[in-house]
Amino acid sequence: MARFLACSTLLAASAALAATHVDTFETGNPTGWRFIQGADVIQPVGGNPGAWLNQPVYDTFAPILDHTNLATPFSGDYHAMNVTKITIDAQTISTQFPVAGLPFTLLLADTKGTPDPSDDDYVYYVDYSGIPVPGQGWVHYEFDIPSQADSLPPGWSGGHFGDMESFRPGVSWTDVIKSVDRVEFWWIHPAWFAIFQQWNVGADNIAIVTAPPCPGDIDGDGLVGQSDLGVLLAAFGACSGDPAYNPAADLDGDGCVGQTDLGALLSQFGSNCR
């Protein structure tokens, strides 16, 4: 039982340390998600569940979903934010021609903050399990983001406006991942092309998950070790308002330094985040 409780504490601490932002379209569309052709509709029912973003008449070779607002929870330095995952629920309601076999893609773009696409750089991951097909309903996609990697991770590709399959000279994975200002979802591989047709598509529950890059590094030296443990133990049991309370030791942010904070630190003990 004691071992079970200890494991439960560690799991709860790890879960508490992660932060998730989800756009559900229940209260509008503050991120400005759009299917690039425009004329989107937020449908109040039929989502997964509730409201959802619908493009009912999309004349294109493949739908592309991006966002017009650049200052959003989906934008920024993914390395510093320690982005770990991006997810979406997507559906294809109807098409004119069969679309089975087309892959679904997450693309992260560094647009340099300009409307000129010629200076855009990209990294992207292709999910070959396929796009949602008519009649399939909502399909959930999860993309793991290795934001702490220092080179192009396995399964990922890089490109730029002039060549979707190669970085431009001098640009790397790190350059893009530290300057993401637009997220895109493609109903195809970005380097492929397909026949133009009419699509009816939708999206819901677009989410980004982040976590502290080095939970437990209370003293900020890039290591989780004895000094961090000492600081936490000195504040153990104290809550906000208590002179002994140390907010840096309150790793789960619940206003008190306790078991979940200790569990979070011990789960990272020995980590080197420098």
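Which cysteine does the disulfide join to cysteine 239? Please take me through that part and what lies on either side of it, then move on to the rest.

Reply: Keep in mind that this is a predicted model. The partner is cysteine 256, and the two sulfur atoms sit 1.9 Å apart. The structure holds one disulfide, so defined by a pair of cysteine sulfurs within 2.5 Å. The link between cysteine 239 and cysteine 256 is right-handed, with 105° about the S-S bond. Both cysteine 239 and cysteine 256 lie in the loop between H4 and H5, so the bond ties together parts that are 17 residues apart in sequence.

Now for the helices on either side of that loop. In general, two packed helices are described by the angle between their axes and the distance between the axes. Here H4 covers residues 226-235 and H5 covers residues 259-267; they pack at about 175°, with axes 11 Å apart. An angle over 145 degrees counts as roughly antiparallel, and H4 and H5 are therefore roughly antiparallel to each other. On the H4 side, the residues that meet H5 are Asp228, Leu229, Leu232 and Leu233. H5 brings Asp261, Leu262, Leu265 and Leu266 to the contact. Sorted by class, that makes six nonpolar and two charged residues, with no polar ones.

Next, the largest pocket. Its volume is about 380 Å³, and 21 residues line it. Lying nearest the centre of the pocket are Pro117, Asp120, Tyr122, Arg182 and Glu184. Strand S5 (64-67) and strand S11 (182-186) each give at least two residues to the lining. By class, the lining has eleven nonpolar, four polar and six charged residues.

Two bits of backbone also deserve a look. Most residues other than glycine have a negative phi, and most peptide bonds are trans. Asparagine 48 and proline 49 are joined by a cis peptide bond, with omega about -5°. You'll find proline 49 in the loop between strand S3 (41-43) and strand S4 (52-60). Asparagine 82, though not a glycine, has a positive phi of about 50°. Asparagine 82 is in the loop between helix H2 (78-81) and strand S6 (83-95).

Technical notes: Residues are numbered from 1 along each chain as its sequence is written. This is a predicted model: local features need pLDDT of at least 70, side-chain atom pairs count only at pLDDT 80 or more; totals for chains, interfaces and linings use all residues. Side-chain values use heavy atoms; hydrogens and water are left out. Axes are lines fitted to C-alpha atoms, for helices over the stretch in contact, and angles run from 0 to 180 degrees between N-to-C directions. Helices (H or I, at least four residues) and strands (E, at least two) are DSSP runs, numbered from the N terminus. Angles under 35 degrees count as roughly parallel, over 145 as roughly antiparallel, 65 to 115 as roughly perpendicular and the rest as oblique. Contact means heavy atoms within 4.5 Å. Ala, Val, Leu, Ile, Met, Phe, Trp, Tyr, Cys and Pro count as nonpolar, Asp, Glu, Lys and Arg as charged, and the others, Gly among them, as polar. On a 1 Å grid over the protein atoms alone, a cavity is a set of points where a 1.4 Å probe fits but cannot get out, and a pocket is an open set with protein on both sides within 12 Å along at least five of seven lines; lining residues have an atom within 4 Å of a point. Grid points are joined across faces, edges and corners, and a volume is the space filled by probe spheres set on the points.
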